[in-house]
Protein chains: 6
Amino acid sequence: DFTQALHECKKSQSLGVEEDDLKNDISGGLIDYGDGYKKIKQGSCFISMIAISIVMRLLTMQDLVRQVKESKATPLLSVLLCGPKGTGKTAIAANLALESDFPFVKRISPVKFVGMSEMQKTQAIASIFDSAYKTPLSVIILDDLERLLEYVPVGPRFSNHILQALMVLINRIPPKPARVLIVATCSSARVLRDLNLADVFNVRVQVPELSKAQEVEKVLTNEDLGLKISTGEMKKIAESCPLPISIKQLLLVLEMTRVACKGAITAEEFTRRVEATGVAGGVK
Amino acid sequence: DFTQALHECKKSQSLGVEEDDLKNDISGGLIDYGDGYKKIKQGSCFISMIAISIVMRLLTMQDLVRQVKESKATPLLSVLLCGPKGTGKTAIAANLALESDFPFVKRISPVKFVGMSEMQKTQAIASIFDSAYKTPLSVIILDDLERLLEYVPVGPRFSNHILQALMVLINRIPPKPARVLIVATCSSARVLRDLNLADVFNVRVQVPELSKAQEVEKVLTNEDLGLKISTGEMKKIAESCPLPISIKQLLLVLEMTRVACKGAITAEEFTRRVEATGVAGGVK
Amino acid sequence: DFTQALHECKKSQSLGVEEDDLKNDISGGLIDYGDGYKKIKQGSCFISMIAISIVMRLLTMQDLVRQVKESKATPLLSVLLCGPKGTGKTAIAANLALESDFPFVKRISPVKFVGMSEMQKTQAIASIFDSAYKTPLSVIILDDLERLLEYVPVGPRFSNHILQALMVLINRIPPKPARVLIVATCSSARVLRDLNLADVFNVRVQVPELSKAQEVEKVLTNEDLGLKISTGEMKKIAESCPLPISIKQLLLVLEMTRVACKGAITAEEFTRRVEATGVAGGVK
Amino acid sequence: DFTQALHECKKSQSLGVEEDDLKNDISGGLIDYGDGYKKIKQGSCFISMIAISIVMRLLTMQDLVRQVKESKATPLLSVLLCGPKGTGKTAIAANLALESDFPFVKRISPVKFVGMSEMQKTQAIASIFDSAYKTPLSVIILDDLERLLEYVPVGPRFSNHILQALMVLINRIPPKPARVLIVATCSSARVLRDLNLADVFNVRVQVPELSKAQEVEKVLTNEDLGLKISTGEMKKIAESCPLPISIKQLLLVLEMTRVACKGAITAEEFTRRVEATGVAGGVK
Amino acid sequence: DFTQALHECKKSQSLGVEEDDLKNDISGGLIDYGDGYKKIKQGSCFISMIAISIVMRLLTMQDLVRQVKESKATPLLSVLLCGPKGTGKTAIAANLALESDFPFVKRISPVKFVGMSEMQKTQAIASIFDSAYKTPLSVIILDDLERLLEYVPVGPRFSNHILQALMVLINRIPPKPARVLIVATCSSARVLRDLNLADVFNVRVQVPELSKAQEVEKVLTNEDLGLKISTGEMKKIAESCPLPISIKQLLLVLEMTRVACKGAITAEEFTRRVEATGVAGGVK
Amino acid sequence: DFTQALHECKKSQSLGVEEDDLKNDISGGLIDYGDGYKKIKQGSCFISMIAISIVMRLLTMQDLVRQVKESKATPLLSVLLCGPKGTGKTAIAANLALESDFPFVKRISPVKFVGMSEMQKTQAIASIFDSAYKTPLSVIILDDLERLLEYVPVGPRFSNHILQALMVLINRIPPKPARVLIVATCSSARVLRDLNLADVFNVRVQVPELSKAQEVEKVLTNEDLGLKISTGEMKKIAESCPLPISIKQLLLVLEMTRVACKGAITAEEFTRRVEATGVAGGVK
Ligand SMILES: Nc1ncnc2c1ncn2[C@@H]1O[C@H](COP(=O)(O)OP(=O)(O)OP(=O)(O)O)[C@@H](O)[C@H]1O
Ligand SMILES: Nc1ncnc2c1ncn2[C@@H]1O[C@H](COP(=O)(O)OP(=O)(O)OP(=O)(O)O)[C@@H](O)[C@H]1O
Ligand SMILES: Nc1ncnc2c1ncn2[C@@H]1O[C@H](COP(=O)(O)OP(=O)(O)OP(=O)(O)O)[C@@H](O)[C@H]1O
Ligand SMILES: Nc1ncnc2c1ncn2[C@@H]1O[C@H](COP(=O)(O)OP(=O)(O)OP(=O)(O)O)[C@@H](O)[C@H]1O
Ligand SMILES: Nc1ncnc2c1ncn2[C@@H]1O[C@H](COP(=O)(O)OP(=O)(O)OP(=O)(O)O)[C@@H](O)[C@H]1O
Ligand SMILES: Nc1ncnc2c1ncn2[C@@H]1O[C@H](COP(=O)(O)OP(=O)(O)OP(=O)(O)O)[C@@H](O)[C@H]1O
Ligand SMILES: [Mg+2]
Ligand SMILES: [Mg+2]
Ligand SMILES: [Mg+2]
Ligand SMILES: [Mg+2]
Ligand SMILES: [Mg+2]
Ligand SMILES: [Mg+2]
């Protein structure tokens with residue numbers, strides 16, 4: 001029966017899972033910085049949420065994993081994570097995959113394709129899908145759609161060969177008894193609009209930037225970061241921080257400030273780093 | 001004589017028919033959700049219709065099968081099924097093919113072409129037509145014209161090599177005594193307009209989305225789905241459901257709601273799934 | 001002498017003539033449906049004309065055959081048949097070729113080129129012209145210029161390689177003593193305008209659609225079709241038929257109505273077929 | 001010395017001259033149809049002129065031949081003949097070459113390049129120039145620049161590879177002691193403007209169409225054509241003939257009328273042929 | 001431990017460092033010409049700054065080197081140096097790399113890629129990154145992004161193949177324990193805007209031209225240049241010098257003036273050289 | 001030491017110098033036709049100047065040669081000669097190279113590249129630069145940039161592959177101890193603007209056409225041309241000559257007039273030749 005087959009497959013054939021690789025993406029852990037934070041411990045890993053609305057959506061994502069696992073009527077679900085750069089799309093997708101507990105978990109990432117031709121990329125992608133079809137339950141992450149598609153807004157130029165293959169594969173109902181959950185990330189709304197890609201997915205989730213001083217403060221107080229910082233400075237930083245800012249950029253500036261300040265972190269040093277990284281104003 | 005030849009061909013050479021593959025497309029059955037529903041049982045399969053106008057058209061489709069079978073003067077008929085995503089074009093085409101009872105039934109689907117070059121795709125398509133010409137009666141399904149043609153609206157880009165081959169093949173009168181019925185599906189009106197494709201077909205049928213609460217209700221009450229749901233909730237769902245909605249999307253949301261609600265389906269959960277799948281509003 | 005050489009060539013080298021293939025195009029015969037109809041029996045074949053103006057032009061076409069045959073000063077004549085889809089261009093060209101009685105008659109048709117590369121197509125075309133140059137009198141039909149040129153209006157895209165070869169070949173005066181009559185068909189005025197093609201031909205003929213109820217009626221009463229139909233219904237059909245309509249489309253709808261109506265043809269059924277084939281309104 | 005070398009070269013190496021081929025282009029002779037006609041008998045050939053202004057220009061062309069022959073300071077002259085289709089550019093160039101009496105005369109014509117790739121065409125052209133550089137005096141005809149360049153106005157598209165080679169070769173001063181006269185013909189003003197080609201030539205000559213009834217009459221009375229035609233009909237034809245008309249087109253219509261009218265030519269038949277060839281109005 | 005590994009690596013595997021090559025770029029030394037000059041002697045090399053604001057930024061650059069060295073949380077930092085031609089971007093990057101004291105220092109420069117295909121360039125770039133990943137600490141200089149990308153503003157045209165590879169490689173977190181500092185230079189703001197490149201970098205620094213007479217004067221008085229020049233002439237030069245001017249262009253004009261004036265430099269000769277090099281006015 | 005090395009190199013390795021080829025370009029000598037004419041005899045060759053401003057610039061050009069020879073701080077100088085067709089850019093560059101007395105002098109001219117592919121051209125160019133780097137002092141002439149780049153204004157189209165290589169090579173500081181002077185000519189301002197090429201050069205010089213009757217007269221009186229012409233006619237010619245006119249075109253028309261007029265040159269004949277060559281008015 002299915003559960004039995006799943007169990008065995010998991011033991012023997014777990015070569016499909018790239019746990020190490022995926023854990024890399026969330027090596028610093030996921031920080032709780034929203035009002036509606038809900039700690040959903042699952043195994044040794046937890047996921048934090050940016051805002052109530054996202055909590056709802058992530059709930060939905062857990063549901064999607066369950067949906068694929070439990071219902072025969074939905075052998076294919078495809079989710080699109082879309083939002084500005086550095087908002088944590090890759091981390092969320094990696095976390096979802098790790099928690100899914102599926103025997104086949106594969107990330108299709110542009111890093112593995114550097115220098116390959118369009119044809120070679122398409123074949124590599126197709127063969128990962130083929131492997132998935134041979135496993136009862138799979139998660140496939142399509143990380144950074146714009147890079148996978150070699151998209152550049154001027155023109156626009158992109159690989160139509162890869163695009164067409166992806167659109168077919170994302171829509172393809174796997175041969176029985178395989179079931180597949182596809183999670184794609186994309187940081188360019190233009191890519192989706194130009195290429196009619198959003199419609200291809202069953203479910204679409206928007207991942208936002210931090211947009212309130214309150215949220216920045218929540219990050220500053222996070223224990224895992226272990227920042228030495230006085231309450232006064234903390235307030236100043238939270239208020240002077242340019243908004244919106246992505247979680248990734250905020251963490252980078254904080255780490256740079258930490259290294260620069262031998263002692264406690266000061267708002268002045270923080271502001272200098274923000275400027276130095278060109279966040280506010282920047283190169284025109 | 002022809003009938004005799006047809007009979008023999010059917011027995012021996014039935015390798016052309018891909019019944020399993022086609023039945024996959026309508027594995028969940030076809031649900032009756034329109035006013036003008038007319039149950040046309042044929043073998044173990046039935047087809048439901050969305051609205052009176054469509055009934056007429058589908059009647060016409062049955063006629064087309066008969067036309068090709070019975071009249072020597074029309075050895076070639078080509079039908080275009082056109083409508084938004086998920087409206088059931090592929091299911092209708094598969095159903096028609098299965099019921100046609102023709103000895104050669106082949107679906108030309110982009111899934112089989114992933115990663116192939118334009119040249120290879122064109123040759124694969126041409127060789128399927130060549131096989132059809134060797135059989136007295138054939139149905140060829142050209143599923144998802146936009147994907148077969150590698151079309152993308154920006155540019156627009158597409159494979160002119162495949163397009164030209166298709167336009168010639170769709171118009172080519174088969175050498176005697178072969179007779180061919182071609183059924184193509186397409187979900188992008190722009191593809192048809194940009195590429196002057198609509199004119200290439202003898203018959204054109206528009207497949208609509210569900211656009212009335214009444215129709216949604218009809219789906220909810222369908223026995224085959226076996227949904228546990230109170231009449232009050234059913235009314236609420238039918239009224240709150242965003243319209244128009246495709247049959248495919250509606251069925252997906254319902255299935256997700258069913259799995260989430262251990263007990264009976266509630267309108268609240270239904271609405272949450274609708275939102276989570278990004279139907280209303282969605283990623284901009 | 002020339003006549004003698006012509007005679008011998010015709011007997012021995014008649015491999016150039018594709019009578020069967022050509023007769024296919026006018027297998028249903030040619031119907032007389034115009035005011036100015038003039039039955040010009042020639043052998044077992046006759047040609048009907050749509051309107052007085054066309055009669056004049058077709059007269060001219062017969063003249064062209066004679067011109068090439070009789071005058072040494074015009075070893076090359078090139079005719080362009082241009083008009084909407086289904087107006088009978090291919091049939092007229094085939095008929096002309098069959099009646100020409102020339103020893104070398106060849107149709108260059110896109111059907112024979114499916115899947116070939118531009119280079120291959122160009123070579124195939126050039127080699128047919130080379131064969132013609134070795135025969136005293138030849139007719140070459142360039143059927144469906146837009147498909148031969150792989151033209152698509154968006155872009156526009158087409159094969160410049162084939163276009164350039166065609167423009168040179170259509171203009172090339174054959175080496176003595178060969179004489180060539182070139183007949184090309186084209187259903188897209190844009191092709192001619194975009195590619196400056198009309199100027200390349202010596203003679204240009206416009207082939208129109210049926211545009212009067214009277215003409216439709218003439219077709220309905222044609223004996224060769226053998227339609228069972230009362231005079232009342234005939235009037236109704238002629239009046240309700242959407243105009244203009246091409247002869248090919250009209251014949252298709254009539255044949256479909258004939259098969260559907262076991263008994264006599266009714267205007268109601270005719271109208272239903274017209275609608276079902278999407279002529280009026282159609283897919284937008 | 002030079003004259004001596006020239007003489008010897010002419011005897012032995014006259015393989016470069018293509019007299020037969022060139023004479024073909026003016027097989028029907030050149031007809032005198034202008035006010036300013038000046039019969040300049042030269043050997044067995046004569047050239048007629050369309051108008052006084054052209055006479056001057058053609059005089060200049062004879063001068064150019066002499067210039068290349070006699071002055072060491074101008075080892076390279078390049079002439080562009082430009083005008084509408086059928087005005088006689090190719091005939092004039094061929095005539096000039098034949099009368100030049102140069103040991104190396106070669107026409108580079110698109111007819112010889114059908115189906116060749118851009119690279120192959122460029123090499124063929126370059127090797128003809130190389131041969132010319134090995135002869136004391138050469139004429140090279142570049143016939144139909146727009147076809148040699150594979151130009152089509154939509155886009156526009158053309159072979160940049162051939163264009164660049166031509167621009168370099170037309171400008172290249174031959175290595176001593178070779179002297180070269182280049183004569184190019186072009187019927188599209190757009191080609192010249194788009195590709196900046198006119199500037200590449202030393203001398204530019206405009207070849208016009210017939211634009212006066214008087215000129216048409218002059219052609220009709222030409223003895224070489226040997227037309228049977230009464231003075232009354234001649235007047236009528238000259239007056240009803242659509243203007244401007246190219247000499248080539250006029251000759252074609254006249255020949256067609258001649259064949260059709262067993263007896264004397266009538267204005268009525270002439271007008272019918274003019275219409276039939278689509279000159280007036282034509283295919284839109 | 002890391003420090004130990006780093007030390008050993010440096011001794012043995014120092015083949016990665018291209019000191020000679022880098023020193024070439026700053027062979028003339030770096031001249032202090034700003035108000036806010038701060039001499040930061042480091043080893044045998046020093047860096048001068050154009051203005052206070054830049055001092056801050058360059059401070060930040062030293063910090064970046066330290067950041068990569070000292071913090072495990074930032075294994076990848078990427079810096080973009082952007083500014084007009086000749087402002088010293090390459091010199092600053094080379095200086096930074098030399099002072100970094102990292103065991104692997106490599107400059108990816110278009111000079112090494114002349115005549116290579118896109119594919120070959122991409123592979124060469126990727127393999128340099130691969131080498132870096134095998135070293136604990138690396139600096140990679142991407143010199144002249146616009147040339148590496150084969151960018152030209154008309155079109156615009158560029159190598160999308162190289163662009164996509166660069167965008168992935170610049171963002172790729174190196175596998176543990178490698179740490180990489182990437183420094184890129186670019187003199188075209190359009191390149192960054194067209195190709196969305198600025199966002200790819202963690203830190204962005206703007207390198208300006210000299211824009212005040214005062215700054216020009218500072219250069220004139222620099223001892224390293226050893227210019228013979230009276231105070232009066234110096235004032236005149238500083239005031240008449242067209243502004244803004246890049247440091248590279250200023251140094252060139254000064255050197256040309258020095259060679260021309262056997263004795264002391266005069267403002268007149270300086271102005272003549274400025275004009276001769278087409279700085280003011282120039283070719284339109 | 002350097003001077004010694006230079007001397008030896010010159011004797012043995014002088015294969016790099018193409019004196020014959022270069023002298024061809026100025027075979028007719030250089031004529032003094034400006035107010036500000038300054039005869040700068042150097043060896044057996046002299047250079048004339050069009051106007052005072054140019055004198056200054058050419059002075060500068062001599063300086064550039066000296067600059068490269070004498071200063072170690074400027075191992076690379078690049079000069080752009082830009083002006084309308086026929087103004088003498090190639091002659092000036094060739095003259096400069098011949099007078100430079102450098103051991104390695106090479107002209108990169110489109111004539112040598114006819115029919116080569118982009119790749120081959122790029123490699124040929126790169127290998128000439130490589131040879132230069134092995135010699136102490138080199139002059140490289142890049143003649144006719146627009147042709148080397150295969151530029152055509154419509155599109156515009158050009159070889160980006162060659163362009164990128166040229167931009168890198170023109171900017172590349174030669175490895176010690178080599179020093180290089182690069183002289184490029186270009187007659188299209190659009191090429192420079194479209195491709196951002198002007199900025200790539202250190203020095204830019206504009207070469208003008210003759211724009212005054214006075215200048216034309218100066219040419220007419222030049223002894224080297226040895227024209228037989230009365231003072232009255234000379235005045236007439238100078239006044240009627242269309243202006244501006246390039247030196248090359250003027251010399252051509254004069255030579256054609258000289259050959260036509262057996263005796264003394266007349267203004268009437270001159271005017272006729274000017275018209276015949278299409279200078280005034282021309283082909284539109
Ligand atoms: N609550 C959180 N949600 C997401 N990421 C978080 C959270 N807390 C901390 N992080 C960290 O923020 C970083 C987000 O970076 P990530 O690469 O996932 O962003 P991204 O949206 O994929 O960026 P890009 O658009 O550049 O691909 C990760 O290092 C992750 O560990
Ligand atoms: N009456 C019906 N008509 C059509 N499909 C129905 C009907 N009832 C239920 N269905 C189901 O709805 C689904 C329609 O999906 P299908 O793939 O055929 O749509 P589509 O129009 O081809 O979509 P796409 O544009 O994405 O190709 C099928 O699963 C089919 O079984
Ligand atoms: N008088 C007629 N003239 C032309 N065709 C006729 C006539 N009467 C009957 N026909 C029939 O009409 C049909 C015309 O179709 P045909 O393929 O020649 O049209 P077409 O203009 O070539 O179409 P397309 O533009 O699609 O190539 C033929 O089957 C022909 O036998
Ligand atoms: N006076 C004349 N000048 C030129 N051609 C003449 C003259 N008299 C008669 N002819 C005839 O007219 C015809 C002109 O055709 P030709 O092919 O030379 O024109 P063209 O300008 O080259 O046309 P295209 O633009 O199509 O190449 C030739 O057959 C030539 O013999
Ligand atoms: N303070 C300074 N900062 C930068 N460069 C300086 C400074 N002082 C002197 N220089 C010299 O100025 C020159 C700057 O040239 P460099 O090639 O680095 O400029 P660039 O911005 O890279 O130019 P490009 O945009 O053409 O690549 C170098 O020769 C460098 O030695
Ligand atoms: N003072 C002069 N300056 C330049 N050229 C002169 C001068 N006097 C005479 N000449 C002659 O003028 C001609 C100029 O032609 P050249 O090919 O150098 O022009 P160009 O600008 O390179 O033309 P193009 O733009 O077509 O390449 C040469 O033959 C040269 O000998
Ligand atoms: Mg990501
Ligand atoms: Mg479908
Ligand atoms: Mg046809
Ligand atoms: Mg011609
Ligand atoms: Mg630089
Ligand atoms: Mg030149």
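Visitor: Which share of the contacts in chain A with a separation of 6 or more comes from residues 24 or more positions apart?

Guide: Let's take that one with a reminder that we're looking at a predicted model. In chain A, 75% of the contacts with a separation of 6 or more are between residues 24 or more positions apart.

Visitor: And what does the secondary structure of chain A come to?

Guide: Chain A has 12 helices and 5 strands. Of its 284 residues, 58% are buried.

Visitor: How do I read an interface, say the one between chain A and chain E?

Guide: Begin with area. The size of an interface is often given as the accessible area lost when the parts come together. Here chain A and chain E bury about 2900 Å² between them, with 61% of that on carbon and sulfur atoms. On the residue side, 33 residues of chain A and 39 residues of chain E take part in the contact.

Visitor: How many salt bridges are there between chain A and chain E?

Guide: The count is 1. Look for A:R273 and E:D63, whose side chains meet with N to O at 2.5 Å. There are also 8 residue pairs in polar contact across the interface of chain A and chain E, both residues being at pLDDT 80 or more.

Visitor: Which elements of chain A each supply at least two residues to the side that touches chain E?

Guide: You'd want to highlight α6 (145-148), α11 (247-260) and α12 (267-276) of chain A. The largest share of that side comes from α11(A), with 7 residues.

Visitor: Now single residues. Is B:S78 buried or exposed?

Guide: B:S78 counts as buried because its relative accessibility is 1%, and the cut-off for buried is under 20%. You'll find B:S78 in strand β1 (residues 76-82) of chain B. Its side chain reaches the backbone nitrogen of B:N202 at 3.0 Å. Leaving out residues up to four places away in sequence, B:S78 touches B:I170, B:I182, B:V200, B:F201, B:N202 and B:V203.

Visitor: What about a lysine? Is A:K121 buried or exposed?

Guide: A:K121 is buried too, since its relative accessibility is 8%. A:K121 sits in helix α5 (residues 118-133) of chain A. Beyond its neighbours within four places in sequence, A:K121 is in contact with A:F113, A:M116, A:E150 and A:I162.

Visitor: And the cysteines: how many disulfides does the structure hold?

Guide: It holds 0 disulfides over all chains. As for burial, B:C241 is buried at 5% relative accessible area, and D:C241 is buried, also with a value of 5%.

Visitor: What should I look for in the backbone?

Guide: Here's the general idea. Most residues other than glycine have a negative phi, and most peptide bonds are trans. In chain B, the peptide bond from B:K176 to B:P177 is cis, with omega near 0°. B:P177 is in the loop between α7 (160-171) and β4 (179-186) of chain B. A cis peptide bond also joins C:K176 and C:P177, where omega is about 0°. C:P177 lies in the loop between α7 (160-171) and β4 (179-186) of chain C.

Visitor: Where is D:D101 found, and what is its phi near?

Guide: D:D101 is in the loop between α4 (89-100) and β2 (104-108) of chain D. Its phi is near 70°, a positive value in a residue other than glycine. D:D101 is partly exposed, with a relative accessible area of 45%.

Technical notes:
Residues are numbered from 1 along each chain as its sequence is written. Chains are lettered from A and ligands numbered from 1 in the order in which they are written. Side-chain values use heavy atoms; hydrogens and water are left out. Contact means heavy atoms within 4.5 Å. Buried area is the accessible area (1.4 Å probe) that two parts lose on being put together, summed over both. A salt bridge is a side-chain nitrogen of Lys or Arg within 4 Å of a carboxyl oxygen of Asp or Glu. A polar contact is a pair of N or O atoms within 3.5 Å; within protein, one must be able to donate a hydrogen and the other to accept it, and residues adjacent in sequence count only if both atoms are side-chain atoms. Helices (H or I, at least four residues) and strands (E, at least two) are DSSP runs, numbered from the N terminus. A disulfide is a pair of cysteine sulfur atoms within 2.5 Å. Buried means under 20% relative accessible area, exposed over 50%, partly exposed in between (1.4 Å probe, protein chains only).
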